[in-house]
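Student: I have a structure open and would like to go through some of its contacts with you. Could we begin with the charged pairs and then move on to other features?

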Amino acid sequence: MEEVCEGKDFSFPSQEEHILSFWSKIDAFNVQLARTRNFPEFIFYDGPPFATGLPHYGHILTGTIKDIVTRYQSMTGHHVTRRFGWDCHGLPVENEIDRKLGIKRRDQVLEMGIDKYNEECRSIVTRYVEEWETIITRTGRWIDFKNDYKTMDLKFMETVWWVFARLCEKGLVERGFKVMPYSTGCKTPLSNFEAGENYKLVSDPEIMVSFPIVGDLDNAALVAWTTTPWTLPSNLALCVNANFVYVKVRNKYSGKIYVVAESRVSELPTEKPKSNAASGPTGDTKKSKIKGSSGEKTKDSAAESYEVLDKFSGASLVGTKYEPLFNYFLEFSEAAFRVIADNYVTDDSGTGIVHCAPACGEEDYRVCTENQIINKGENLIVAVDDDGCFTGKIIDFNGLYVKDADKDIIEALKEKGRLVKFGMFTHSYPFCWRSDTPLIYRAVPSWFVRVELLKEQLLENNKQTYWVPEYVKDKRFHNWLENARDWAISRSRFWGTPIPVWISEDGEERIVMDSVGTLERLSGVKVFDLHRHNIDHITVPSARGPEFGLLRRINDVFDCWFESGSMPYAYIHYPFENVELFEKNFPGHFVAEGLDQTRGWIYTLMVLSTALFEKTAFRNLICNGLVLAEDGKKMSKRLKNYPSPMEVINDYGADALRLYLVNSPVVRAETLRFKKDGVFGVVKDVFLPWYNAYRFLVQNAKRHEYEGSTPFVPIALNVLQKSSNVLDQWINSATQSLVHFVRQEMDAYQLYTVVPYLVKFLDNLTNIYVRFNRKRLKGRIGEDNSHMALSTLYNVLLTSCKVMAPFTPFFTEVLYQNMQSVARMMKIIDLARNIRERHNRPLKTPLREMIVVHPNEDFLDDIAGKLREYVLEELNIRSLVPCKDTLKYASLRAEPDFSVLGKRLGKSMGVVAKELKAMSQEDILAFEKAGEVTIATHCLKLTDIKLVREFKHPDGMTDKEMDAAGDGDVLVILDLRLDESLFEADVAREVVNRIQKLRKKAGLEPTDMVEVYFESLDEDRLAIQQVLNSQTWNVSDPVLCIPTCLFGAVTVRLGETERGEKGRIHGVKFGEIQMQVMTDGKHNGPPLDSSFLGSADC
């Protein structure tokens, strides 16, 4: 392991940059995908963001959640395709182009040309793609940007066409009018969930208006209340509740007679006695005070101002005709301007009578069609144009923007004597989330998905999904589905996927295109792009004959939510490609999105999957909350009330930001007030203790290597688990508990529970295990004890790296890369030792060659590179040969995994097992590549079959000459043949080992030169001299010594220490050789006693 610096000098951000370079160099993400390509699929759907803005903390939060889950699934044996996606169409893009080009009206786009407008839109769609890739990659997220999908791609758009065509086949699409939230700023209707994105407190007028009853003997007038005066010119009916009690009341002072709900009389205006009080329903009306304001008359005083003339049920009012406010829609007089009834009328506000303008209100449209005021499907007259201005139909207010017209309409009502009460009130009102202009409700012709028909199936499918937190599914999303209404999917815009409907001139013939091929076949035109300017000119001949003319495409495009909801199919171009991949893995396994998307993307996913397949689109979902600024307000670039993500990452690192986010309430769908200090707290409480424990290991492993003159090789795990030390047992148990806990919580998608557990674990590791074990770890209680403690600490840190890798990929990579080398070396050494033990070849016996077989070049480079000398020295082997060809020294055979297949196959198990064992090498390799094989009609996967690699001896070699050991990942082969040169090298190795021990005992520095004297105790005293002569370089170079022949005048015997003329002398005897080392006389340390160090096996 390489040396490490102190915690205060360790820069987490800088190290992360190094790791990013390392990942890029080895192409880590793609290598992982390649290695797992034959594993079971884990399907993850990544909702596409718009690339017209830069990523913020919300994107980083959801991206971190997605990255943690997908990394974990990859580590636990799955193939996880991760492709980034881009939402390219719709209002966000068009709105930017409109601002850029100063476009205010629809006709300006038509004058410019749809082709030029759309190409302008295309030009900005990928404007920030580079910045997105930089920031997302810097956060540690592994996702494929090069193989991304875009909703504007031809293949994606073609699948969207197919989705629409399938819905049409199922009778789930209809065309009609729908009153929808409408943005006058963007000149387009919005979905109901889009309309709920941007509410503001505003002050609006609230008025009561009189509608004189035709033929009433008392000249009574119905009184309706509204907060949208601009809708009054389009009034066609008044609605009451048939179950309410209504009263006819006379004002005691003015004589005016009104009809209202009995419970709402108190809301009528109070008037003081006047000498010239009018006796009819007309006359001046004084401005009343705002409800709840100072000076407001009490309800009792208001009720006392009126006397009840009559009392009747709401049902009795049905059919009553009244005088219209304006004369704009007199052509509807026969059916309109009458009272209808519906239970949507409440008595908690207003007068219990609701004015209905079917072109301006969703409920208004419904009750008017149900009561035949207008007929459903007829072309409804809409008196408001695309810009939100009155049309020429409304003569008095023609061209006025509707919200600006309120005061003029109120003035006109006052002049007509129809204004009963006026006031202002503050309430929450929806604004367009893009243009920030007030929304209005407006009837628009639209294409709808008939969601209301799917409601029961939607609710059932929702039950089949697993959500974190669960209450969002059971309450918020369930309630939304329960109240689901038909979904308007068309937009009268330009930059989007065109709705693939071609209609004849007489409207009698309609064709829905389900693919590019269908359009090309029917039109005879080659199609290269599906945007409006490239297909609107394409016509299709009528199937009824030339006299019926041509079919032309309608002008509408799809709502971009329809496109993103089609993502599970469109991003892989299903059903035109990837049919098997999709059908075997649908529904997808996992999605993660913000709470706001429960009414957006998550909802559209559910609707379309239910409509198409009667299934949910996903199985598991993590729903996160909103990240706010530290002051609790929405993060605002204008207010600069939050630090930029890159500032935080550059200061504290991406790992710290990731842990801060997933350890917060925001992962439980609650809000988070982002605090930069909180990220620093993660560094202080998690990463520094973790790093210090790692640094302590490295320092003492280095000490162990220096003092023992051998590399630190951790003790095997099975031996560690038998340690008699109580602290070793405790920390090993705690580590396994950490592994179990993280797997348990990750399988339950509960990311937020992991960090508190990790913090407690690290506290136990540093403040209990390391602190209480300092003497052991530093070698003060014996090297064997130290070795056991260091090995335990090594195993604990290595395991924590693996278990926390999905959460903190950078830091764990830093630790793992330094510790991995040791892990690989341990594996090789253990396997080689097993071979030696089997053949009774002790480590003191040198061997000629070791071959390491592994498919990964990085693994082989590690072993044959920086670890080579360690491995060769530890195993006493002369040569190490790396081999990437896994079949050069091994044969393959297949065996069934009985624990998996037993119950599933039953009586067929015997037949399948027999055929599996008979598979050829080629068959097995083909199966390994394909990932599945069919045997006796049973489809078997990689997880069903054990692939066993067995050692294959080279020709002419026996088990005693060459043998191997493997663990399923790496194969180690040893050449066990002996020769004289190896014996001589072995003697030289022993000499070097003993000289090193003498140098250490003498307290020498590594650079001190010494003279070495030896005496052979063999009968043939020249034999050892010949060995050392042939191995002079191998002895003298590593230990900086000058070999000198036999002992001279100064002789040191065993257990003795004498001072020679040149300095201190230290002696040792091993085997049949007696040695002594003389320093150069410059050593000033204390005298050291020589001692008998034992035989060559010591």
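Student: Are arginine 141 and aspartate 46 buried or exposed?
Tutor: In this predicted model, arginine 141 and aspartate 46 are both buried.

Student: How do the side chains of arginine 141 and aspartate 46 meet?
Tutor: They form a salt bridge, with an N to O distance of 3.0 Å. Arginine 141 sits in the loop between helix H7 (129–138) and strand E2 (144–150), and aspartate 46 in the loop between helix H2 (28–35) and helix H3 (57–75), so the contact ties together parts that are 95 residues apart in sequence.

Student: Which residues are linked with them in a network of salt bridges?
Tutor: The network links Asp46 and Arg141 with Lys66 and Glu593.

Student: And how many salt bridges does a search of the whole structure find?
Tutor: The search finds 51 salt bridges. One of them joins the side chains of glutamate 120 and lysine 100, at 3.0 Å from N to O. That pair links distant parts of the chain, with glutamate 120 in helix H6 (residues 114–125) and lysine 100 in helix H4 (residues 91–101), 20 residues apart.

Student: What does arginine 824 form with aspartate 862?
Tutor: Arginine 824 and aspartate 862 form a salt bridge whose closest N and O atoms are 2.9 Å apart. Arginine 824 belongs to helix H29 (residues 809–838) and aspartate 862 to helix H30 (residues 857–864), 38 residues apart. Both arginine 824 and aspartate 862 are buried.

Student: Changing topic, which residues gather in a patch of negative charge on the surface?
Tutor: The patch consists of Asp404, Asp408, Glu411 and Glu415. Aspartate 404 lies in helix H12 (residues 402–416) and is partly exposed, at 44% relative accessible area.

Student: Now the sheet: what is the order of its four strands?
Tutor: The sheet is open, its order is E19-E18-E21-E20, and the pairing is antiparallel. Strands E19 (510–512) and E20 (540–541) stand at the edges with a single partner strand each, so one side of each has no neighbour in the sheet.

Student: How many bridges join E18 to E19?
Tutor: Three bridges join strand E18 (residues 501–504) to E19, and the two run antiparallel. Isoleucine 503 has arginine 510, in E19, as its bridge partner.

Technical notes. Residues are numbered from 1 along each chain as its sequence is written. This is a predicted model: local features need pLDDT of at least 70, side-chain atom pairs count only at pLDDT 80 or more; totals for chains, interfaces and linings use all residues. Side-chain values use heavy atoms; hydrogens and water are left out. Two strands pair if DSSP finds at least two bridges between them. Patches are made of residues with over 30% relative accessible area and no salt bridge: like charges are joined within 9 Å, nonpolar side chains (Val, Leu, Ile, Met, Phe, Trp, Tyr) within 5 Å. Accessible areas come from the Shrake-Rupley method with a 1.4 Å probe; for residues, only the protein chains shown count as cover. A salt bridge is a side-chain nitrogen of Lys or Arg within 4 Å of a carboxyl oxygen of Asp or Glu. Lys and Arg count as positive and Asp and Glu as negative; His and the chain ends are not counted. The place of a charge is taken as NZ of Lys, CZ of Arg, CG of Asp or CD of Glu. Buried means under 20% relative accessible area, exposed over 50%, partly exposed in between (1.4 Å probe, protein chains only).
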